[in-house]
Amino acid sequence: MNANALSMNARGQARRAARSKTMDVGARAGFVARGVIYLLVGLLALRIAFSDGGGKQADRGGAIAEIAEKPFGSVLLWALGVALAGMALWRLSEALFGQAGPDGHKASKRAMAAGRFLFYAFVSYSVLSYAAGAQSSGSGSSDQQTDDVTARALQWTGGQWIVGIAGAGVICAGLWMAYRAVTRRYHKHLKMGEMTKKVRQAVDVTGVFGGTVRGAVFATAGGFAVAAAVQHEPGRAKGMDDTLRSFTETPAGPWLLVLIALGLAAFGLFSWANARYRKI
């Protein structure tokens with residue numbers, strides 16, 4: 001068998017693995033894990049709205065720490081990390097072989113899948129590292145991490161432009177998330193025909209509300225990064241926790257954060273719906 005045939009055979013095996021039952025289970029477990037994180041972040045944000053959160057961070061690190069404090073928390077963290085690894089591998093398969101659907105092989109779709117693979121791989125590594133005892137890996141403050149990264153970037157040649165462009169990119173990503181939610185573009189990724197009327201209504205409520213709020217949070221965080229670049233002040237950039245706390249400083253006070261918290265929790269429920277009905 002020549003090298004070309006061996007390469008084609010290996011690629012065929014990889015493609016079959018990407019479409020296997022194991023990959024399907026891994027992807028769905030990943031959606032469950034994502035839902036858990038967003039639900040916990042939403043609950044932590046509610047605490048902040050009413051009592052400053054009791055020192056807890058309303059971000060991924062805070063969610064991980066919250067799980068760790070529960071009975072069998074270590075076991076739950078290992079399960080969460082492995083599930084997120086399943087999500088990362090599924091996104092990698094989409095980047096390599098394309099997504100489900102008629103336009104799933106577009107270069108833009110595969111590039112986005114590659115970016116999501118890197119993101120979920122990092123999150124999985126953080127959670128698993130925390131579960132293994134490296135507590136600074138998974139539960140560090142997103143605010144401090146954002147300040148540190150922004151400060152280093154601003155010291156580079158052209159650092160203000162780099163931070164500003166990155167912030168603008170996050171704003172665009174957030175607006176795109178909100179647009180996808182409002183226009184219900186997620187329908188094409190779900191098995192809508194398998195849902196009852198009540199389930200479809202619940203999916204649309206959580207998908208539109210949760211997705212719009214998620215996009216608004218991302219866009220707001222991007223706006224703070226742009227402000228940090230323009231004013232050359234790393235402290236202007238905010239992580240998830242400080243971004244959420246900033247909503248309490250609006251004229252609506254804590255009630256806007258309550259709305260945001262409910263939206264993030266709704267996106268967690270929407271993620272669980274994806275675990276059941278997503279086209280893998």
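In the predicted model, the side chains of Asp204 and Arg184 meet in a salt bridge, with N and O 3.3 Å apart; a salt bridge is taken as a side-chain nitrogen of Lys or Arg within 4 Å of a carboxyl oxygen of Asp or Glu. This pair links distant parts of the chain, since Asp204 belongs to helix α9 and Arg184 to the loop between α8 (159–182) and α9, 20 residues apart. Asp204 counts as buried because its relative accessibility is 13%, and Arg184 is partly exposed, with a relative accessible area of 39%. Here buried means under 20% relative accessible area, exposed over 50%, and partly exposed in between, with a 1.4 Å probe and protein chains only. Salt bridges that share partners also join Arg47, Glu66 and Lys70 into one network. By the rule stated above, the count comes to eight salt bridges. Side chains of opposite charge can pair when their charged atoms come close.

The model is a prediction, in which local features need pLDDT of at least 70 and side-chain atom pairs count only at pLDDT 80 or more, whereas totals for chains, interfaces and linings use all residues. Residues are numbered from 1 along each chain as its sequence is written, and side-chain values use heavy atoms, with hydrogens and water left out.

The secondary structure of the protein chain consists of 11 helices and zero strands. Helices (H or I, at least four residues) and strands (E, at least two) are DSSP runs, numbered from the N terminus. Of the 280 residues of the chain, 43% count as buried. With contact defined as heavy atoms within 4.5 Å, residues 24 or more positions apart account for 73% of the contacts that have a separation of 6 or more. The chain exposes about 14,100 Å², and carbon and sulfur atoms supply 65% of this area. Accessible areas come from the Shrake-Rupley method with a 1.4 Å probe; for residues, only the protein chains shown count as cover.

Two of the helices were compared with their expected span, which is 1.5 Å times one less than the number of residues. Helix α4 (residues 73–97) has 25 residues and should span 36 Å; its end C-alpha atoms are 36 Å apart, which agrees. Gly98 follows α4 and has a positive phi, near 95°. Helix α9 has 35 residues and reaches 51 Å from its first C-alpha to its last, close to the 51 Å expected. Just after α9, His232 takes a positive phi of about 55°.

Arg91 counts as buried at 4% relative accessibility, and Glu94 is buried with a relative accessible area of 4%.

Helix α2 (residues 21–51), in which Val32 is found, also contains Arg28. Arg28 forms a salt bridge with Asp24, the closest N and O atoms being 2.9 Å apart. Because Arg28 and Asp24 are four residues apart in α2, they are separated by about one helical turn. Arg28 is buried, with a relative accessible area of 15%, and Asp24 is buried with 17%. Leaving aside neighbours within four places in sequence, Arg28 is in contact with Lys191, Asn274, Ala275, Arg276, Tyr277, Arg278 and Ile280.

Thr206 is placed in helix α9 (residues 197–231) and counts as buried at 14% relative accessibility. A polar atom of the Thr206 side chain lies 2.9 Å from the backbone oxygen of Ala202. Beyond its neighbours within four places in sequence, Thr206 is in contact with Gly211, Ala266, Phe267, Leu269 and Phe270. The C-alpha atoms of Thr206 and Leu262, 56 residues apart along the chain, are separated by 9.8 Å.

Leu269 also takes part, with Val32 and Trp272, in a nonpolar surface patch of about 250 Å². Patches are made of residues with over 30% relative accessible area and no salt bridge; like charges are joined within 9 Å, and nonpolar side chains (Val, Leu, Ile, Met, Phe, Trp, Tyr) within 5 Å. Val32 counts as partly exposed, at 38% relative accessibility.

How values were computed: Polar contact = N/O pair within 3.5 Å; in protein donor to acceptor, adjacent residues only side chain to side chain.
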